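Have the sequence and the 3D view open as you read.

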Amino acid sequence: MAERWSNWLGNQTSAVDCVYRAHDVAGVVEALEQAAAKRQRVRVVAGGSAWSPLVPVHGALLDIRGLDRVRQVDRERRRITVETGMMLRDAVAAAAEHGLSLESPAMFLGLTVGGLIATGSHGTGRNCATLGDAVVGFELVTAAGQIVQVDEPGSELWRAVITSVGALGVVSAVTLQCEPLYNVHEVHETVEAAELAEMLPIATREFEFVSAFWHPGARRGVLKLGNRTRLPATELKNRIEPNFLERAAGWAGPLIPRIYARTGAINELVAASMSAGIGRGARVVREPLFSHYQQVYPPCISSEFAVPVEETTAAWSWVHRRLMEFHKHGQRPVNLVVHCRFGRASDALIASSAGRRSCHIECLSFAGNAERPLFQGEFDVEMRRLGGRAHWGKDIANPAALAACHGRNFEQFLSIRAELDPNQRLLNPWLRDEVFGLGRRRRTAAATAA
């Protein structure tokens, strides 16, 4: 009997023949061998946090949440080896116990290490790329059940695996290069939203860590800034635990679009509640408390593009101007927050920040916002015009354009993918047809041969 799967929001669902559940690498091998014998397509699932259709498949799912152990900590080399079904919260805590800090982890701790790496997810920081770029070794189980161990970064296989969208095999464990645990002098500045576009490039020169937040319609936005420091940290309680406003926003999320339809006066209130976890004023905090400040996601949908850092002002200016135009006409297609972060170039073949320093601009709307499509298509077109690439785990308006955005890197990725999974056991229809275009490629090749 078919089993029903749904992601965290419920916008992606799938009826599958069965769900394999692995608790160790042997279980992963066994599941893939069984799926191959039944000629089933398999997609890996753990937290189910992606908004995009990465998981739904006609076949089987492989649930790796049981792969959640720390395998090794090398304090001398500042490395930690964890299984990929582990929650980021647990990986951060395990590293901190040994005086270590993960590089470029996401601000939300309720995600899995494997999902973050597969989608090219990231934090913010002048010297940080994606979490996958911190991978210095990994264990990969191919579609045929072969275990591949890679102990050093730099190879083309490594560049493909550190943002793989789950299309190369099952990455069952990774070794992450860490840093010594450090303190951050954090500063929060409330600024006029119209001035943020010009302020962001200046902020990235003066601060290592830069994030910006703006609730469309609100007059002001918030800059969250930080630099490393040797000053002692202030002890903070509950920074990485959901606060009342975050819990309230999670509960009230489905009601917000209806409230908006009746009054615009709630703008500033919602802006305040959404920025509550970001922090206030200036203080010195330990790094985990600086990075991980969003603990509850209300029911929402997110889209994100990484634009070249040189296009930061143009990209933010356009988003601000366009959303204000909608707002003046009583329309709120983005009714949660616009958010941006910064990072160095990724070495991954198909990460959104591959090969260049990037500004990651994200637009979040509450689920059920019927006006969201008014902006979504325009956002996609304008960000691509500025050289932007979409985040694999967020909502993607034009999946067919992803290949073109990555150029020759994408062809190289597909070549490696074909070697590891020639029978396409690890692909679902969305990846195979809409993103990779493998059906179109076959028809073109056949027509050429004829």
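## How α10 meets α11

Let's start with a helix pair: α10 and α11 cross in a right-handed way (a crossing is right-handed if the near helix is turned clockwise from the far one by less than a right angle, left-handed if anticlockwise). On the α10 side the contact uses A315, W318, V319, R322, L323 and F326, and on the α11 side L374, F375, E378, F379, E382 and M383 (contact means heavy atoms within 4.5 Å). Sorted by class, that gives nine nonpolar, three charged and no polar residues (Ala, Val, Leu, Ile, Met, Phe, Trp, Tyr, Cys and Pro count as nonpolar, Asp, Glu, Lys and Arg as charged, and the others, Gly among them, as polar).

Helix α10 covers residues 312–328 and α11 residues 372–385; they pack at about 160 degrees with axes 11 Å apart (axes are lines fitted to C-alpha atoms, for helices over the stretch in contact, and angles run from 0 to 180 degrees between N-to-C directions). That makes the two roughly antiparallel (angles over 145 degrees count as roughly antiparallel, under 35 as roughly parallel, 65 to 115 as roughly perpendicular and the rest as oblique).

## Where the model comes from

This is a predicted model, with local features needing pLDDT of at least 70 and side-chain atom pairs pLDDT 80 or more, while totals for chains, interfaces and linings use all residues. Residues are numbered from 1 along each chain as its sequence is written, and side-chain values use heavy atoms, leaving out hydrogens and water.

## α10 and α5

Helix α10 also packs with α5 (residues 196–206), at about 150 degrees and with axes 8 Å apart. So α5 and α10 are roughly antiparallel, and their crossing is right-handed. L196, A197, E198, L200 and P201 of α5 meet T312, T313, W316 and S317 of α10.

## A look at Q12

Q12 sits in the loop between β1 (3–6) and β2 (13–16). Is Q12 buried or exposed? Its relative accessibility is 13%, so Q12 counts as buried (buried means under 20% relative accessible area, exposed over 50%, partly exposed in between, with a 1.4 Å probe and protein chains only).

Leaving out residues up to four places away in sequence, Q12 touches W5, S6, N7, W51, S52, P53 and P56. A polar atom of the Q12 side chain lies 3.1 Å from the backbone oxygen of W51.

## The whole chain

The protein chain has 14 helices and 19 strands (DSSP runs, H or I of at least four residues for helices and E of at least two for strands, numbered from the N terminus). Of its 450 residues, 59% are buried.

Key. Polar contact = N/O pair within 3.5 Å; in protein donor to acceptor, adjacent residues only side chain to side chain.
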